[in-house]
Amino acid sequence: MNTLKLIGREKELFVEDISSHEKELLEIIHLSSFLVLGGAGSIGSAVVKEIFKRQPKKLHVVDISENNLTELVRDIRSSFGYIDGEFKSYALDIGSIEYDAFIKADGKYDYVLNLSALKHVRSEKDPFTLMRMVDVNIFNTDKTLAQSIKNKTKKYFCVSTDKAANPVNMMGASKRIMEMFVHRKSLSIEVSMARFANVAFSDGSLLHGFNQRIEKQQPIVAPNDVKRYFVTPKESGELCLMSCIFGENRDIFFPKLTPELNLISFADIALKYLQAKGYEPYLCENEDEARRLAKTLPKEGKWPCLFTRSDTTGEKDFEEFFTDSERLDMQKYTKLGLIKNEALFKEAKLNEFEINMKIFQENLEWSKEDMVKEFFKLLPNFDYEDKKKYLDEKM
């Protein structure tokens with residue numbers, strides 16, 4: 001199935017930027033050692049492949065998912081084979097003492113790339129998962145930054161999100177706060193980041209769910225009023241790699257909005273997806289009808305679909321990669337834009353946020369309202385509305 005056609009494009013975004021820098025990429029990567037955190041997820045594995053195929057001196061991959069790591073290694077061996085350099089994978093939780101022991105034993109890397117994240121808006125529905133989001137997105141980033149500084153790492157890269165620009169949900173806000181923590185550490189280590197659009201068919205995404213629904217003979221469900229920009233997994237890996245290798249301190253890379261990068265609705269992708277699978281979409285009125293028809297329609301070459309309006313917490317009406325107050329460089333690359341950042345952070349506010357979150361954790365007691373208040377202290381213009389309805393309450 002052609003992912004590009006499904007998301008309304010004919011060609012890959014970053015071909016020119018990658019090809020014009022390929023020689024330099026090869027030279028730098030071949031002489032360097034890399035640690036990729038969260039390296040078995042959709043974006044992480046795309047980054048790992050981009051590094052691996054350019055023959056690094058050392059490439060270590062850490063991920064909490066043993067199964068995803070296993071598949072990543074199988075995929076790499078089946079696609080690229082082997083390299084002369086050292087390639088190893090480790091099924092570790094970045095927040096654990098085992099990970100800290102691993103870094104103490106072998107923490108010497110030229111580049112550390114952190115792709116680990118809790119990325120779902122649905123993960124902010126309860127205070128416990130929300131606290132884990134803070135740990136993974138903010139505090140684990142800060143910890144691994146400190147370890148990289150101690151080990152004299154040349155460059156630290158981490159992935160942010162387009163939802164960090166004028167955030168309307170806690171996930172986006174957590175990444176915006178992460179950027180502040182990264183700015184603080186940028187006084188001691190070179191850092192760069194990336195914000196980008198939805199990664200088509202990434203693990204856990206709605207589009208990835210289409211594959212599951214077909215396999216399980218269940219209805220295809222999608223919002224018909226939400227339009228998003230999409231990049232392919234390969235493009236996400238290329239974007240992260242370019243930021244990691246070529247980004248100056250505190251640069252944030254993002255895909256330029258060009259005619260090739262089109263807004264497209266999830267419902268439109270669902271229709272194209274079903275047609276590519278050889279099915280005629282059949283529009284249903286409600287969930288009960290869709291579930292019932294899923295048992296019979298596929299035998300007739302049709303597939304039940306339910307397209308509804310989005311009414312859950314945290315959905316943004318539009319996507320943006322930068323704010324009006326951020327300074328941009330749109331000239332350096334063909335399809336990549338840059339946000340040029342000063343080290344903007346308020347030390348006292350970051351310390352207060354960290355202390356208060358740690359108090360909640362030590363007492364084993366906090367509410368979502370408690371956490372939202374702490375977020376607002378760092379982000380006074382945070383445009384957050386809890387509608388008390390979440391994606392888990394929908395099919």
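Biologist: Which element gives the largest share of the lining of the second largest pocket?

Modeller: This model is predicted: local features need pLDDT of at least 70, side-chain atom pairs count only at pLDDT 80 or more, and totals for chains, interfaces and linings use all residues. Residues are numbered from 1 along each chain as its sequence is written, and side-chain values use heavy atoms, leaving out hydrogens and water. A pocket is an open set of points on a 1 Å grid over the protein atoms alone, with protein on both sides within 12 Å along at least five of seven lines, and lining residues have an atom within 4 Å of a point. With 4 residues, the largest share comes from α8.

Biologist: How much space lies in the second largest pocket?

Modeller: Its lining has 33 residues, and Arg176, Met180, Ser325, Leu379 and Asn381 lie nearest its centre. The elements giving two or more residues are α8, α13 (347–363) and α14 (368–378); helices are DSSP runs of H or I with at least four residues, strands are runs of E with at least two, and both are numbered from the N terminus. Volume is the space filled by probe spheres set on grid points, which are joined across faces, edges and corners. For this pocket that is about 820 Å³.

Biologist: Is asparagine 169 buried or exposed?

Modeller: Asparagine 169 lies in the loop between β5 (155–159) and α8 (170–185). Buried means under 20% relative accessible area, exposed over 50%, and partly exposed in between, with a 1.4 Å probe and protein chains only. Asparagine 169 has a relative accessible area of 2%, so it is buried.

Biologist: What is the order of the open sheet of 3 strands?

Modeller: Two strands pair if DSSP finds at least two bridges between them. β8 and β14 (302–308) run parallel, joined by 4 bridges, and 4 bridges also join β13 to β14, again parallel. The order is β8-β14-β13.

Biologist: Which strands stand at the edges of that sheet?

Modeller: An edge strand here has a single partner strand, so one side is left without a neighbour in the sheet. That describes β8 (220–223) and β13 (280–283).

Biologist: Which residue is the bridge partner of valine 221 in β14?

Modeller: Several positions facing β14 can be named. Proline 223 stands opposite threonine 308, and glutamate 280 stands opposite lysine 302. For valine 221, the partner is leucine 306.

Biologist: How many of the 7 residues of β14 are buried?

Modeller: Helix α9 (206–215) lies across β8 and β14. Helix α11 (266–276) packs on the sheet and touches β8, β13 and β14, where contact means heavy atoms within 4.5 Å. β14 is largely enclosed by the rest of the structure, because its buried residues number 5.

Biologist: How much space lies in the largest cavity?

Modeller: A cavity is a set of grid points where a 1.4 Å probe fits but cannot get out. Searching the whole structure finds 1 cavity of 30 Å³ or more. Among the lining residues are Leu35, Tyr99, Gln147 and Asn151. The space is about 50 Å³.

Biologist: Which helix gives the largest share of the lining of the largest cavity?

Modeller: α6 (97–105) and α7 (127–150) each supply at least two residues. The largest share, 3 residues, comes from α7.

Key. Axes are lines fitted to C-alpha atoms, for helices over the stretch in contact, and angles run from 0 to 180 degrees between N-to-C directions.
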